[in-house]
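Here is a short briefing for a first look at this structure.

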Amino acid sequence: MVTGDSSHVKQINRALILGEIIEHGSISRTDLAKVTGLNKSTLSVQAADLLAEELIIETHKEHNNPGRKPIFLSLNETAGYALGIDLDGKKMTFVLTNLQGVPVSSQMIEFETHNYHEIFRLLVEQIRHYKKRCELTPHGLIGVAIGVHGIVDNSELICYLPYHQWHNRDLKQDLKDATGLNIYVENNANLNAYAEIVFMHHQSEHLFSLSFNSGIGLGMIVHGEVLKGYNGFAGEIGHMIIIPDGKVCSCGNSGCWELYASEASLSSAVAHMKNKEKVRFQEIEHWIQVADPVVVTELEKYMNYIATGLNNIINLFNPEILILNNRLLAIYPNALPLLLSKLVSSISQPCELLLSELGEKACVMGACALVIKNFLGVSKLSLSNNRS
Ligand SMILES: [Zn+2]
């Protein structure tokens, strides 16, 4: 409990009240006083403000006792909407959620260009469309978060986006100027980890999430916060060297983990063995189902490379939960028991190893959650996973 009447204290109390209302779904004023430790008059002033802002609503619940029906407070989930965008190499995915993080629409746009200004124009066009769509709600479009597959610093500047070869692009400021909205730009692996903790693993405070695509990214939640490092570049785990003098990487080093353990590395290894230019995910899936010997051998090597990296991560960070967001592991029979059998170091403590249930939606859902958290000013957000 925090007492006093400065605006800072009011803000803290407001966040505390909103956090409890979201966590409980609906809660009476009496119970809210108990869980927040706030006195009745503070609570009553804050609740009146939140009702006036249309951020919360009063509901009357049926109960068996005669007399007045108790009044409960809940979040007015349609008071505003959050837009999450996953800006990938050739496609951008948009998800619009209400304030409870429930998706109300999703859309995917494919594009071919690497040009910043063309991609920026596409983003502005779509964001303006969503802004207009939400304008009749009390708070409208409350903000937009964009997950990018590259390096973002602590000021949200895109320092480097490998696929498009963008350097030092201030997408946050450019979009803010063009749309007048609150804009957030974040690394996709960080948003993946944030989505896992907000929508799936509410109790964990030490959750790590590995995303395997063309590269490998690590999002780290430590003491409930995203660990970003001094400049914001932490988690570039794909460039951890696992093979000295190994394959040459675009980062300038050799033998980086993502050259051996990303989804793209497995696809190119299989393509090489099959004398094809490239193979589709569905083809690999089929070869796994029919136990194709070439693919089985490549996957055995692949699993060993993954396990090598996991061993290093677990020894370095001692996570409570380690989530693997990897489509290949999701279709490979008994992938988790196999990986666990390779994680036998007597030095590290075992951690819970799980496959992501959010899958490729994790980034965009984490983006929506980030917008909601910042809008409500809450320190911790726990939402249910009601994906459409
Ligand atoms: Zn590298």
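Thr93 is buried, at a relative accessible area of 15% (buried means under 20% relative accessible area, exposed over 50%, and partly exposed in between, with a 1.4 Å probe and protein chains only). The model is predicted, so local features need pLDDT of at least 70 and side-chain atom pairs count only at pLDDT 80 or more, while totals for chains, interfaces and linings use all residues. Residues are numbered from 1 along each chain as its sequence is written, and side-chain values use heavy atoms, with hydrogens and water left out.

**Thr93**
- Thr93 belongs to strand E5, residues 91-97 (helices, H or I with at least four residues, and strands, E with at least two, are DSSP runs numbered from the N terminus).
- Leaving aside residues up to four places away in sequence, Thr93 touches Gly84, Ile85, Asp86, Gln107, Met108 and Val364 (contact means heavy atoms within 4.5 Å).

**Nonpolar cores**
- The largest nonpolar core has 47 residues, of which Val198 and Leu381 touch the most other members (such a core is a set of buried Ala, Val, Leu, Ile, Met, Phe, Trp, Tyr and Cys residues joined through side-chain atoms within 4.5 Å).
- The elements that give two or more residues to this core include helix H1 (7-24), strand E7 (141-148), helix H6 (188-200) and helix H13 (362-376).
- H13 gives the most to this core, with 11 residues.
- Another core, of 40 residues, lies apart from it and has Leu218, Met240, Ala271 and Leu336 among its members.
- Val198 touches Ala369, Leu381, Ser382 and Leu383, not counting residues up to four places away in sequence.
- In soluble globular proteins, nonpolar side chains tend to be buried together.

**Cysteines**
- The count of disulfides is 0 (a disulfide is a pair of cysteine sulfur atoms within 2.5 Å).
- For Cys134, the closest cysteine sulfur is in Cys368, 11 Å away, which is too far for a bond.
- Cys134 is buried because its relative accessibility is 2%.
- Cys251 has 40% relative accessibility, so Cys251 counts as partly exposed.

**A sheet of 3 strands**
- Three strands form an open sheet in the order E8-E9-E10, with antiparallel pairing (two strands pair if DSSP finds at least two bridges between them).
- Strand E8 (151-152) and strand E10 (166-169) stand at the edges with a single partner strand each, so one side of each has no neighbour in the sheet.
- E8 pairs with strand E9 (residues 158-161) over 2 bridges in the antiparallel sense.
- Val152 stands opposite Ile158 in E9.
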